[in-house]
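Please find below a colleague's note on the structure under discussion.

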Amino acid sequence: MASSSSSNHSFLLMLFPLLLLLSMVVVNSGSAPTTTPATMTEKCQDWCRVASDSPSCIKVIGSIPGIQEVDINNAGKIAELCLHFAANKTTEAKGAADTLLVAAKGKPSSCLEACATNIKSMADVLVNLPSGQDDMNPYFTFIKGVRAKFKHERPPACEKNCWNKTSSSSSADETSIVDKFHDIWTVVKVANMQINYVVPWPESDNGDNLL
């Protein structure tokens with residue numbers, strides 16, 4: 001009898017860990033699955049779906065300060081960061097374009113003239129962009145201004161006629177101006193689409209919300 005009791009005791013000791021493990025599996029099977037946060041590459045790929053040039057979009061969007069920490073679905077914050085980045089880059093580009101226009105002495109190349117004009121149009125809209133706004137309405141107002149400026153020019157002449165089309169005679173400075181506007185236009189397109197998620201455009205105006 002002692003031997004039988006000892007065997008039963010040993011069997012129960014072996015069975016207990018198995019029962020404990022089984023109970024843990026049953027409990028865990030009912031819990032919600034954990035979601036892995038999107039990587040920066042995945043976020044940029046998602047945001048850049050509206051871009052005509054995805055590789056350069058992913059590169060420039062990924063360089064925006066603070067955007068690395070933003071959730072992939074936080075459209076308001078994405079739009080805010082993109083617009084401020086575009087505003088800063090537009091200020092830089094306008095200064096560079098104005099310098100080249102002066103150096104051209106009234107005879108700028110067609111691309112320099114087109115890009116300088118497009119950059120000025122963008123600067124006219126973004127010059128007073130508000131900062132640190134929780135409300136998206138101010139940003140919506142500014143993106144409507146961009147839409148209005150380029151309503152009859154989508155894409156703008158600088159983007160359409162000069163991006164990746166500058167001739168071998170174009171100076172490095174002129175090519176840089178084209179590249180600057182391309183990045184600005186790309187970032188604004190991303191911001192515009194994100195704002196569409198937050199403040200949907202009236203259905204009667206479909207098409208006017210695109211860039």
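1. Overall fold. The coordinates under review are a predicted model. The protein has eight helices and zero strands, and from the N terminus on its elements run α-α-α-α-α-α-α-α. Of its 211 residues, 36% count as buried. Among contacts with a separation of 6 or more, residues 24 or more positions apart account for 66%.

2. Disulfide inventory. How many disulfides does a search of the whole structure find? The search finds three. With bonded cysteines counted along the chain, the disulfides follow the pattern 1-2, 3-6, 4-5.

3. Cys-48 and Cys-57. These two residues are joined by a disulfide with an S to S distance of 2.0 Å. The torsion about the S-S bond is -85 degrees, and the link of Cys-48 and Cys-57 is left-handed. Cys-48 has a relative accessible area of 2% and Cys-57 one of 0%. Each value is under the 20% limit, so Cys-48 is buried, and so is Cys-57.

4. Cys-111 and Cys-162. The sulfur atoms of this disulfide are 2.1 Å apart. With -100 degrees about the S-S bond, the link of Cys-111 and Cys-162 is left-handed. Cys-111 belongs to helix α5 (residues 110-126) and Cys-162 to helix α7 (residues 157-162), so the bond ties together parts that are 51 residues apart in sequence. Both Cys-111 and Cys-162 are buried.

5. Cys-115 and Cys-158. In this disulfide the sulfur atoms lie 1.9 Å apart. The link of Cys-115 and Cys-158 is right-handed, with 85 degrees about the S-S bond. Cys-115 is in helix α5 and Cys-158 in helix α7, so this pair ties together parts that are 43 residues apart in sequence. Cys-115 is buried, as is Cys-158.

6. Cys-44 is buried, with a relative accessible area of 2%. Cys-82 is in no disulfide either, and the nearest cysteine sulfur, that of Cys-57, is 8.2 Å away. Cys-82 counts as buried, at 0% relative accessibility.

7. Asn-118. Is Asn-118, which lies in helix α5, buried or exposed? Its relative accessibility is 2%, so Asn-118 counts as buried. Leaving aside residues up to four places away in sequence, Asn-118 touches Phe-150, Glu-153, Pro-156, Ala-157, Cys-158 and Phe-181. One of these neighbours, Cys-158, is also the disulfide partner of Cys-115.

8. Packing of α4 and α8. At what angle do helix α4 (residues 75-104) and helix α8 (residues 172-198) pack? The angle is about 155 degrees, with the axes 8 Å apart. Angles over 145 degrees count as roughly antiparallel, and α4 and α8 are therefore roughly antiparallel to each other. The crossing in which α4 passes α8 is left-handed. By class, the contact of α4 with α8 has 20 nonpolar, three polar and four charged residues.

9. Packing of α5 and α6. Helix α5 packs with helix α6 (residues 137-149) at an angle of about 155 degrees, and their axes are 9 Å apart. That makes α5 roughly antiparallel to α6. The crossing in which α5 passes α6 is right-handed. On the α5 side, the contact is made by Ser-121, Met-122, Asp-124, Val-125 and Leu-126; Phe-142, Gly-145, Val-146 and Lys-149 contribute from α6. The residues of this contact divide into five nonpolar, two polar and two charged.

10. Helix α5 in summary. Several of the points above meet in this element. Cys-111 of α5 is bonded to Cys-162 of α7, and Cys-115 of α5 to Cys-158 of α7. Asn-118 also lies in α5, and Ser-121 is one of the α5 residues in the contact with α6.

Methods: Residues numbered from 1 in each chain as written. Predicted model: local features only at pLDDT ≥ 70, side-chain atom pairs only at ≥ 80, totals over all residues. Heavy atoms only, no water. Disulfide = S-S within 2.5 Å. Buried < 20%, exposed > 50% of the residue type's maximum accessible area, 1.4 Å probe, protein only. Helix = DSSP H or I, 4+ residues; strand = E, 2+ residues; numbered from the N terminus. Contact = heavy atoms within 4.5 Å. Axes fitted to C-alpha atoms, helices over the stretch in contact; angles between N-to-C directions. Parallel < 35°, antiparallel > 145°, perpendicular 65-115°, else oblique. Left-handed = near helix turned anticlockwise from the far one by under 90°. Nonpolar A, V, L, I, M, F, W, Y, C, P; charged D, E, K, R; others polar.
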